[in-house]
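Opening the notebook on this one. I want to look at the ligand surroundings and then at some helix packing.

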Amino acid sequence: MTDNSDSVTEVVPEVSGPTAPRRRLRTVAEQLSRVLDTVGSVDPIELALLDAQGLLLAEQVVADAPLPGFDNSAMDGYAVRAVDLKQATEDRPVVLPVVGDVRAGTRSVSGMGPGLCMRIMTGAPIPPGADAVIPLEDTDGGVARVAIRRAPRTGDCIRRAGEDLAAGALALAPGATLGPQQIALLAAVGHDRVVVQPRPRVVVISTGSELVDVGKLAGFGEVSDANSYMISAAARDAGAEAYRVGIIPDDHARLLDTLDSQLLRADLIITTGGVSMGAFDIVKEALSQLGTVEFVNLAMRPGSAQGFGTLGREKTPIFCLPGNPVAALVSFEVFVRPAIRKLLAKRNVHRQNIQATALERMDSRDGQREFRRGLLHREPDGRYSVSLVGGHGSHLVAALAASNCLVIIEEEVTEVVPGSRVTVQPLMLAQR
Ligand code: AMP
Ligand code: MG
C-alpha cells in the first residue's frame with residue numbers, strides 16, 4: 001500500500017544542487033535536535049496547590065515553622081514521667097492517678113506534676129512535665145487511676161517538634177515534581193499556592209476543505225476531522241493544556257488570520273494537513289513565505305513531509321504535521337511530545353523505549369526510519385514481543401486504534417526477521 005504524502009523524496013536545501021553527492025534527506029535525529037534547540041520552557045507562574053499536580057516546582061520552599069509544630073503523642077495512651085514508672089512490669093503494674101485528658105486539637109495544655117499522668121490522644125500536645133507516652137494497650141485503660149504494665153524510656157511515643165523539618169529548613173527544591181507526596185509536604189508547611197512551570201497552552205488546528213466537524217454526517221467527498229481530537233488528546237497526554245480550534249478550510253487568508261489570533265494565547269501551535277506537494281497544500285504555501293517556518297522532507301515514514309518553525313514576535317513554535325492521521329500521530333510522538341516536555345521543563349523529555357522480539361517479518365526502506373503500529377505483548381517469562389497492526393498506509397485509523405506501541409525500524413535496517421529484537425516505543429498513557 002502506498003501513501004502519497006510519505007513517499008515523496010524531495011532533496012533538502014543544504015545538499016541540493018548539481019554538486020550534491022547524493023540525495024540525502026534530513027534524519028529524524030537532526031530534525032529533533034533543531035526542534036529541541038528552538039523550544040525553550042514556559043515562564044513560571046503561581047498556581048493553587050492542586051492545580052500544580054504533576055508540574056515542576058519553580059521556587060525554593062522553606063519551612064517557616066518546625067514540622068511537627070509541637071511535641072505531640074504518637075499513640076493513644078497516657079502521658080507520664082518515665083522516672084515514675086521505673087518499677088513497672090507486666091506482673092507488678094504501677095498505678096498512677098489520671099489528672100486530665102489531652103485531645104488532638106487542644107490549644108493549650110497545663111503542666112503535669114510528679115507521680116501523675118494524663119490520658120492523651122494521638123497528635124495531642126505533650127503536657128509540660130511529661131516525657132513519655134504509654135500506649136493504651138500497655139495499661140488497664142483506667143479513667144481515674146490507671147495501672148501501667150511497662151517501664152518506658154524517656155521520649156517513648158513522642159513525636160518531637162521539628163523532627164521532620166526544622167524551622168528554616170528546605171522543604172522542596174526547584175525542579176521537584178509535584179506528586180501527591182510533595183503536595184502533602186507543601187500543604188503541611190502551609191503553602192496553598194506555589195510557583196511552578198505551567199502546562200504549555202497548545203493550540204490545535206486541522207486544515208482541509210474536505211473536513212467536517214465530528215458529529216455532522218460526512219457526505220461524499222467529506223472526511224470527519226479526527227486529527228484535531230487526536231492531537232489535542234496527545235497534547236494533553238504529554239502534559240499540555242490543549243485548545244482545539246477545529247477546522248480551517250484550504251484558504252490562505254483564513255489560515256493566517258486564525259494563526260494571528262491564536263498566537264495571543266499559544267505557547268505552541270500544531271496544524272495538520274496541507275504540507276505535501278498538492279496544489280492546495282496551503283499550510284506549506286502560506287507559511288513558507290513567512291520565512292520562519294521550514295518545510296522539509298525527512299528520512300522517516302510515515303511523516304516524511306512536515307514543517308517546523310516559529311511565528312510572531314514571541315517566536316512561538318509551530319509544528320505543521322501531515323494530514324494523514326497516522327503520519328500526524330507518529331510525527332507528534334517523535335517531535336512534538338519531546339517539545340511539550342521541554343516546555344514543561346521536564347528533565348527527561350523522551351519516552352522510554354524497550355526491546356521486544358518481533359513476531360513477524362517487518363520491512364523498511366533503506367535510509368529511512370520506519371515507524372510501524374504494533375501490539376506489544378508481555379510473555380509469561382516477562383519479556384516483550386511485538387506484532388504489527390495495519391499496513392504501511394498512514395490513513396488507517398482503525399489499525400492505529402488497535403495498536404499500543406510504535407515499532408521503530410532504524411534507518412540502516414531493511415528487514416527484521418521473526419525472532420529478532422526490535423525497538424518499541426510504548427504509547428502508554430503518561431501521568432499528567
Ligand atoms: P493532506 O496532508 O492535507 O494532503 O491530507 C492527507 C490526507 O489526510 C487526506 O486524505 C486528508 O483527507 C486526510 N486528513 C487531513 N486532515 C485530516 C483530519 N483532520 N482528520 C482526518 N483526516 C484528515
Ligand atoms: Mg489537505
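Predicted model: local features only at pLDDT ≥ 70, side-chain atom pairs only at ≥ 80, totals over all residues.

**Ligand 1 and its neighbours**

I started with S206: one of its polar side-chain atoms sits 3.3 Å from a nitrogen atom of ligand 1.

Next I checked D225, where an N or O atom of the side chain is 2.8 Å from a nitrogen atom of ligand 1. With A226 the backbone is involved: an N or O atom there lies 3.0 Å from a ligand 1 nitrogen.

Which residues come nearest to ligand 1? I get E210, D225, A226, G274 and G323, out of 16 residues around the ligand.

**Helix 4 on helix 7**

I then looked up helix 4 (residues 227–237), whose axis comes within 10 Å of the axis of helix 7 and crosses at roughly 25°. Angles under 35 degrees count as roughly parallel, so helix 4 is roughly parallel to helix 7. I noted the crossing of these two as right-handed.

From helix 4, N227, M230, I231, A234, A235 and D237 meet P325, A328, L329, F332, R337 and I340 of helix 7. By class I have 9 nonpolar, 1 polar and 2 charged residues in that contact.

**Helix 2 on helix 7**

Helix 2 (residues 28–38) and helix 7 (residues 325–343) have axes that come within 10 Å and cross at roughly 30°. That makes helix 2 roughly parallel to helix 7, and I have their crossing down as right-handed.

On the helix 2 side I listed V28, Q31, L32, V35 and L36, which meet V334, F335, P338, A339 and K342 in helix 7. This contact has 8 nonpolar, 1 polar and 1 charged residues.

Note on methods
Residues numbered from 1 in each chain as written. Chains lettered and ligands numbered in written order. Heavy atoms only, no water. Axes fitted to C-alpha atoms, helices over the stretch in contact; angles between N-to-C directions. Helix = DSSP H or I, 4+ residues; strand = E, 2+ residues; numbered from the N terminus. Parallel < 35°, antiparallel > 145°, perpendicular 65-115°, else oblique. Left-handed = near helix turned anticlockwise from the far one by under 90°. Contact = heavy atoms within 4.5 Å. Nonpolar A, V, L, I, M, F, W, Y, C, P; charged D, E, K, R; others polar. Near = heavy atom within 4 Å. Polar contact = N/O pair within 3.5 Å; in protein donor to acceptor, adjacent residues only side chain to side chain.
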